[in-house]
Every structure is written in structure tokens, then in C-alpha cells.
Amino acid sequence: MSEVWNNPDYVKRYNNVYGITKEQLDRYMAPLRLETADTLIEFGCGNGEALARAIDIVEMAAGVDISKDQLEQARKKLAGKKNALLVESSFLQCREALAGHLFTKGMSRKALHHLTDSEKPVFVERAAPLFKQGAIFVLEDGIFDFDKSLLKEKVPQIIEEAKVYYGDAWLKIEKDFMITILEEFMTDYPTWESAFKNGGFELIDRKAYSMFYGMMVFKKIR
Ligand SMILES: C[S@@+](CC[C@H](N)C(=O)[O-])C[C@H]1O[C@@H](n2cnc3c(N)ncnc32)[C@H](O)[C@@H]1O
């Protein structure tokens, strides 16, 4: 699926239709409680909206994304910020490009569901050495609040809830939504918890915003 992110028209449409609002940014970043001494990394930084919000607070911020077009926009948003680092890479291969950095905070929104369930623990294991002990990681993404094996039977209920959740926007996003839940690799809370545990992170908070979208907060304990 990552090839679509190198299609400029796809990226343009994504940012037009799904551009993050101020309220969404507030909700996503609040659990990080960013401070001046923090070093922050975002996986799937997209056009850099969240990094742009963080860059004047933290000591250093890095973004990883596989899409040239997204990174080009992120570069514009972060122009002149010497403490920003943008890495063009897949999630699974970015560690080498980040060697020497140690992060106190990590975040990812609507991006890590592009990893298959078998790739998720591999990603966390590879990324873990980039984080300091005590580091906080916020994951906000499509996450099912039921066992993923029940997905097929839950689809009608998900659609009913999504219509209410997205309101007027539903007709515009219905097709993308169905692809995301059925063809990308969204999973459930226990699967993510186990993947992060694999890299030495413990779950310290989680919240389901709907039966298909939510957030989890992890702390690196070893
Ligand atoms: C749905 S967008 C989310 C962007 C942004 N975080 C937001 O909240 O709007 C997913 C982002 O993840 C990136 N991405 C998808 N698969 C990836 C992969 N395997 N490795 C690195 N980046 C990937 C895409 O290029 C895209 O910018």
C-alpha cells in the first residue's frame, strides 16, 4: 500500500480531505506533554503538521515518512528550523538513518496500521533502541475495540457508527474508510499492546474514540 503515498494526486487529495484540524492536533499531542528538553520522533509524519506544532517547544524533532511528496510539504513547514530532521524511509528501515539519536517522546497518527500484524512487533523491536528509558509513545490510529477475528461480522455495526462519527463527511470518505478497515492492517488493542511489549514498552493509557479509532500511550520501561 505504501506506493500510493508516492502518487502526488493521492497525497494532495489525502491532505485536502483529511487535513488535521487544530482540535485533532490538540487531542493527538496532549498526552505527550512536550517539554523543552524533549527529543521527539513522529512515524508517518505526513505533511508535517504535528512536527510544526512541536518544533518550537522541543529540543529536536524528527519525522519519518516514505512519501517524497509528503516530506516536501513537511520540509516547507519546517523551513529554517535547524532542530528538525526529516527522514525518507519505510518504518521498518528507518533505524539506521536515525542512529545516534535518542528520543524521549514518540508519536504516530493514522500511519502504523500500514504495517501488517507480523510487521508490527518487528517495527517496535527495531525502533525501541531509539528511545530512552522512560520515553512516552502516543499511538493514535484506526484500532478495533473488539477482537480483530470478528471483523467481518462487525462490519455493518462499524458502518453505522462511522456514519454518525463522520457526519456530513461520510459520503466523501466512505470508499477510503472501507479500504482502510478491510484492506489495510488495522488491528485491535491487545495486538498493539503485545507489539509494544516486544520492544520493552508498557501500556499506560488507552482510549477508544469509537469502535474503530482510538489512542494508546506507552512508556518505555526497559
Ligand atoms: C494516513 S497518512 C497520516 C499522516 C499524518 N500522520 C496525519 O495524521 O494526517 C499516513 C502516512 O504514513 C506514511 N506511510 C505509509 N506507509 C508507510 C511506511 N511503510 N513507512 C513509512 N511511512 C509510511 C504515508 O506516506 C503517509 O504520509
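The lining of the second largest pocket is made up of 14 nonpolar, ten polar and six charged residues (Ala, Val, Leu, Ile, Met, Phe, Trp, Tyr, Cys and Pro count as nonpolar, Asp, Glu, Lys and Arg as charged, and the others, Gly among them, as polar). The model is predicted, with local features requiring pLDDT of at least 70 and side-chain atom pairs pLDDT 80 or more, whereas totals for chains, interfaces and linings use all residues. Residues are numbered from 1 along each chain as its sequence is written, and side-chain values use heavy atoms, with hydrogens and water left out.

The second largest pocket holds about 550 Å³ of space (the space filled by probe spheres set on grid points joined across faces, edges and corners). Among the 30 residues lining the second largest pocket, Gly44, Asp65, Phe91, Lys110 and Ala111 are the closest to its centre. A pocket is an open set of points, on a 1 Å grid over the protein atoms alone, where a 1.4 Å probe fits, with protein on both sides within 12 Å along at least five of seven lines; lining residues have an atom within 4 Å of a point. Helix 1 and helix 3 (49–54) each contribute at least two residues to this lining (helices being DSSP runs of H or I, at least four residues, and strands runs of E, at least two, numbered from the N terminus). Helix 1 provides the largest share, three residues.

The ligand sits in the second largest pocket (more than half of its atoms lie within 2 Å of the grid points). Around the ligand are 15 residues, of which Tyr14, Gly44, Asp65, Phe91 and Arg109 come nearest (a heavy atom within 4 Å). The shell comprises five nonpolar, seven polar and three charged residues. The protein buries 92% of the 600 Å² that the ligand exposes when taken alone (Shrake-Rupley method, 1.4 Å probe).

The largest pocket has a volume of about 820 Å³. Its lining numbers 34 residues, with Tyr14, Tyr18, Lys110, Tyr166 and Ile173 closest to the centre. At least two lining residues come from each of helix 1 (8–18), helix 2 (22–29), strand 5 (131–141), helix 6 (151–166) and helix 7 (170–183). Helix 7 gives the most, eight residues. By class, the lining of the largest pocket has 17 nonpolar, seven polar and ten charged residues.
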